[in-house]
Amino acid sequence: MGDSNLPNTDLLKSVLEPLLEDFQDWFERYRQILENEKIQFMSEQEQFDLLKRVKNAQNELKTARMLFKATDQQVGLDMATVMPWHQLVTECWSVGMRLGQSKE
C-alpha cells in the first residue's frame, strides 16, 4: 500500500499542469495589454503597479513550473502560492472586462 501523503503523479499532472499553463496564458495576455495600451480608467501608477505584479507572478510561475518538471511532476503547490495568482488573474479579468466595455 502506498503512502497516502505522497502526491498522486497522475492527479498532479492532470490538474496542476493545465492550471499552470492557464496562469501562464492569462498572465502573458494581460502583460501584453498592460505594456501596450494606455488604460484610461487607471492612473499610470496603477497600470504600472498591476504590470509589475503580473511580471512578478510570471517569474514565480516560471519557477514553480521548472520545479514541477524537474521533480518529474512529483511536487504540488501550496494554496498559499496559488491563491494570490488566482486573485491577480481575477483582478486582470476585471480590468479586461472594463477595458472591453470602454471600447464599445
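Mentor: Happy to! What follows is a set of questions and answers on this model, which is predicted.

Trainee: How many cavities of 30 Å³ or more are there?
Mentor: A cavity is a space where a 1.4 Å probe fits but cannot get out. The largest cavity holds about 40 Å³ of space. By this rule, the count of cavities of 30 Å³ or more is 1.

Trainee: Which elements give two or more residues to the lining of the largest cavity?
Mentor: Begin with the lining itself, made up of Glu17, Leu20, Glu21, Arg65, Phe68 and Lys69. The elements giving two or more residues to the lining are α1 (9–36) and α2 (44–70).

Trainee: And how many residues of that lining are charged?
Mentor: Sort the lining residues by kind. There are 2 nonpolar residues and no polar ones, and the number of charged residues is 4.

Trainee: Is Glu17 buried or exposed?
Mentor: Glu17 lies in helix α1 and, leaving out residues up to four places away in sequence, touches Leu12, Phe68 and Gln73. Its relative accessible area is 19%. Buried means under 20%, so Glu17 counts as buried.

Trainee: Which element gives the most to the largest nonpolar core?
Mentor: This core has 24 residues, and those that touch the most other members are Phe23, Phe27, Ile39, Leu50, Val54, Trp85 and Leu88. Two or more residues come from each of α1, α2 and α3 (79–103). With 8 residues, the element that gives the most is α1.

Trainee: How far apart are the end C-alpha atoms of α2?
Mentor: Work out what to expect before looking. At 1.5 Å a residue, the 27 residues of α2 should span 39 Å. The model agrees, because the end C-alpha atoms are apart by 39 Å.

Trainee: Which residue just after α2 takes a positive phi?
Mentor: Look just past the end of the helix, where phi is about 55°. The residue with this positive phi is Asp72.

Trainee: Last one: how exposed is Gly96?
Mentor: Gly96 is found in helix α3. Its relative accessible area is 22%.

Conventions: Residues numbered from 1 in each chain as written. Predicted model: local features only at pLDDT ≥ 70, side-chain atom pairs only at ≥ 80, totals over all residues. Heavy atoms only, no water. 1 Å grid on protein atoms, 1.4 Å probe; cavity = no way out; pocket = protein on both sides within 12 Å on 5 of 7 lines; lining within 4 Å. Points joined across faces, edges and corners; volume = space filled by probe spheres on them. Helix = DSSP H or I, 4+ residues; strand = E, 2+ residues; numbered from the N terminus. Nonpolar A, V, L, I, M, F, W, Y, C, P; charged D, E, K, R; others polar. Buried < 20%, exposed > 50% of the residue type's maximum accessible area, 1.4 Å probe, protein only. Contact = heavy atoms within 4.5 Å. Core = buried A, V, L, I, M, F, W, Y, C linked by side-chain atoms within 4.5 Å. Expected span 1.5 Å × (residues − 1).
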